[in-house]
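Please look over the sequence and the fold shown here.

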Amino acid sequence: MSDSQPPAARGTEATDAADLVLPAGMPGARIVAFGHYQPAKVVTNHDLAESVDTTDEWIRSRVGIAERRIAGPEESVADMSVQAGGKALAAGGLSPDDVDLVIVATCTPESTIPNVSAGVAHRLGIRAPGAFDVNAACAGFCYALATASDAIRCGSARNALVIGAEKLSQWVDWSDRTTCIIFADGAGAAVVTAAATPGVGPVVWGSSGADADKIYIKDRHSYLVQEGQAVFRWATTALHPVAIEACRRAGVAPEELAAFVPHQANLRIVESIARRLKASNAVIADDIVTAGNTSAASIPLALSRMAERQQLPSGAPALILGFGAGLTYAAQVIKVP
Amino acid sequence: MTEQEILAGLGEIVEEIAGVPAADVTPEKTFVDDLDIDSLSMVEIAVAAQDKFGVEIPDDELKNLKTVKHVVEYVQAQGISA
């Protein structure tokens, strides 16, 4: 085959062909609304202390969690996505017909085929949108938001529904006290539309595949495994430069941020990154205290709950930072809707 | 760097990260039992020590450094060989 002419070499015949036409695109994209959903069942640290060797004090001091929500046996990632996505659409005043792109960030879908997003779109009455799932673990929402924003800017979509949803409870060994105290279930969503001035800043994203063995689920019959101390070291040393760079690229100084909403992995990681970011005027998200670590759902879940509590001033800049298995990470500054 | 300088620097780090007064950070103290510092704070202390002293303390080494003296000696030894 190496001797044969590559197809491109025959391109001389096509030099007179017209250039491909691209849509004009838009100057920017912005988030117009959030929505979220949490399962009804609350599991406290005291509940867990009855089944594994742990205490409320230990969990609070090591990870900062007081209680978390766990989905029912019949409740799926798709169900939670529909709930969160529907609320975001209603809050944004958009009808299903307005949406032409649906992205679900998740690493715990019920099935690998079909994807979650197409079915969620159908259940929300969104007709024939572009629909795909993103797996960047706990960084998934930031990856999905960046993709939606870029699709809108390029004219590939007008209005996008971006969802982060997880059912980690089905991948956790409930006798493993190092993981069952951390992970939880939930969903958050954002409606992203075209905008004359950008409300979603440039993404700073990356990965470190050499550290893939730090957080993993080996196969569909296995539980989630995490090297907590190694992940903690990475998160507290490698990520604040990513956060600072996302601010720099968006033209926003850390002290101008009204909120810092990193992935809710562990309250001590959140506080460590916040300290080094020096976002002295920002509300620091601590949603993990009552929501647990919900991976790709944690950032939109926190944003939505903070917006509901009126902790996020409209129009103000907020920094989001996702990070997790892969290892993967992504950060961008957004304008609060 | 002298033993005293490392000890003083380590005291500042421990005070900032774990809220333990620097004066309490004396050579014979154990981190876990005497100073009530947990494994995650030890990681933060190791990272801060790297910034301050230019000596990396990997997780595998960190678990063997039980007392303040152990860390001071480790930093001193690595600082000389570096």
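A:L327 sits in the loop between strand 13 (317-324) and strand 14 (328-335) of chain A. The model is a predicted one. Is A:L327 buried or exposed? A:L327 counts as buried, because 24 other C-beta atoms lie within 10 Å and the cut-off for buried is 20 or more. Leaving aside residues up to four places away in sequence, A:L327 touches A:S207, A:S208, A:D211, A:K214 and A:W234. The C-alpha atoms of A:L327 and A:A210 are 8.0 Å apart, although 117 residues separate the two along the chain.

Now the sheet. Chain A has an open sheet of 5 strands, in the order 1-7-6-4-5, and its pairing is mixed. Strand 1 and strand 5 of chain A stand at the edges. Each has a single partner strand, so one side of each is left without a neighbour in the sheet. From one strand to the next, the twist averages 20 degrees.

Strands of a sheet pair through backbone hydrogen bonds, either parallel or antiparallel. Strand 4 and strand 6 of chain A run parallel, joined by 5 bridges. Within this part of the sheet, A:V104 has A:I163 in strand 6 as its bridge partner.

Helix 3 (residues 77-92) of chain A packs on the sheet. This helix touches strand 1, strand 4, strand 6 and strand 7 of chain A. The direction of helix 3 makes about 125 degrees with that of strand 1.

Residue ranges of the strands in the sheet:

| Strand (chain A) | Residues |
|---|---|
| Strand 1 | 28-37 |
| Strand 4 | 101-105 |
| Strand 5 | 130-134 |
| Strand 6 | 159-167 |
| Strand 7 | 185-195 |

Key
Residues numbered from 1 in each chain as written. Chains lettered and ligands numbered in written order. Predicted model: local features only at pLDDT ≥ 70, side-chain atom pairs only at ≥ 80, totals over all residues. Pairing = 2+ DSSP bridges. Helix = DSSP H or I, 4+ residues; strand = E, 2+ residues; numbered from the N terminus. Axes fitted to C-alpha atoms, helices over the stretch in contact; angles between N-to-C directions. Contact = placed C-beta atoms within 7 Å. Buried ≥ 20, exposed ≤ 12 C-beta atoms within 10 Å, placed from the backbone.
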